[in-house]
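Trainee: I'd like to learn how to read a new structure. Could you walk me through this one?

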Amino acid sequence: MTDHSVMHSTFSLERSYDASTDLVFAAWADSKAKARWFAGPAAEHGLDFRVGGREWVRGNQADGPTLILESVYRDIVDGARVVYSSTLSAGETLVTVSVTTVEFSPDGDGSRLLLTESAAFLDGHEQPSLRKQGTASWLDALGAELKKESSA
């Protein structure tokens, strides 16, 4: 018999960007832009950015199974909010199930982004601290992407 466990965790991350709210929101909505900062060059990525639409990322780990992130967009308010539910699998093993809300708002000449995620971490396959660290890394990558776009 296999032991099963669930660890629940919620975290929020906030970022300020020197780009308009419209530009930051567009970086989430545009498939090519999002692939650059979210998926990275070595992963496969697909995005259908609409309510009911799906996003997926498939990438290989150096010494582990393929990671597969699948999301469904539940709510989109243009320029203001995105809500999606996601699963993360390592090979055939379901690792996490989560709900994420991303809020966009003006902040002076730039914008503020607030991301809140609530997740169920299944059977000890991933730790909340690693998820928070990984999410923070791709929000930083979004910032780098926005800087590249503004200097282009």
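This is a predicted model: local features need pLDDT of at least 70, side-chain atom pairs count only at pLDDT 80 or more; totals for chains, interfaces and linings use all residues.

Trainee: How many bridges join β3 and β4?

Mentor: In general, two strands pair if DSSP finds at least two bridges between them. The strands themselves are DSSP runs (E, at least two residues), as are helices (H or I, at least four), numbered from the N terminus. Here, β3 and β4 pair over six bridges, in the antiparallel sense.

Trainee: In what order do the strands of the open sheet lie?

Mentor: Read across the seven strands and you get β1-β7-β6-β5-β4-β3-β2, with antiparallel pairing. At the edges sit β1 (6-17) and β2 (44-47), each pairing on one side only. Neighbouring strands are turned by 15 degrees against each other on average, direction ignored.

Trainee: Which residue in the turn between β5 and β6 has a positive phi?

Mentor: That's Gly-91, with a phi of about 65 degrees; the hairpin of β5 and β6 has two residues between the strands. These two strands pair over ten antiparallel bridges, and Ser-85 stands opposite Val-99 in β6. Next comes the hairpin of β6 and β7, also with two residues between them, where Gly-108 in the turn has a positive phi of about 65 degrees. β6 and β7 pair in the antiparallel sense over twelve bridges, and the partner of Asp-107 in β7 is Gly-110.

Trainee: What about the helices? Which residues of α1 and α3 meet?

Mentor: Contact means heavy atoms within 4.5 Å. From α1, Leu-23, Val-24, Ala-27 and Trp-28 meet Trp-138, Leu-139, Leu-142 and Leu-146 of α3. By class, that contact has eight nonpolar, no polar and no charged residues. In this scheme Ala, Val, Leu, Ile, Met, Phe, Trp, Tyr, Cys and Pro count as nonpolar, Asp, Glu, Lys and Arg as charged, and the others, Gly among them, as polar.

Trainee: At what angle do the axes of α1 and α3 cross?

Mentor: Axes are lines fitted to C-alpha atoms, for helices over the stretch in contact, and angles run from 0 to 180 degrees between N-to-C directions. The axes of α1 and α3 cross at roughly 115 degrees and come within 11 Å.

Trainee: And how is empty space found? What is the volume of the largest pocket?

Mentor: Rolling a probe the size of a water molecule over the atoms shows where empty space is left. On a 1 Å grid over the protein atoms alone, a pocket is an open set of points where a 1.4 Å probe fits, with protein on both sides within 12 Å along at least five of seven lines; lining residues have an atom within 4 Å of a point. Grid points are joined across faces, edges and corners, and a volume is the space filled by probe spheres set on the points. The largest pocket has about 590 Å³. Of its 26 lining residues, Phe-38, Val-57, Leu-69, Leu-88 and Trp-138 are the closest to the centre. The lining divides into twelve nonpolar, eight polar and six charged residues.

Conventions:
Residues are numbered from 1 along each chain as its sequence is written. Side-chain values use heavy atoms; hydrogens and water are left out.
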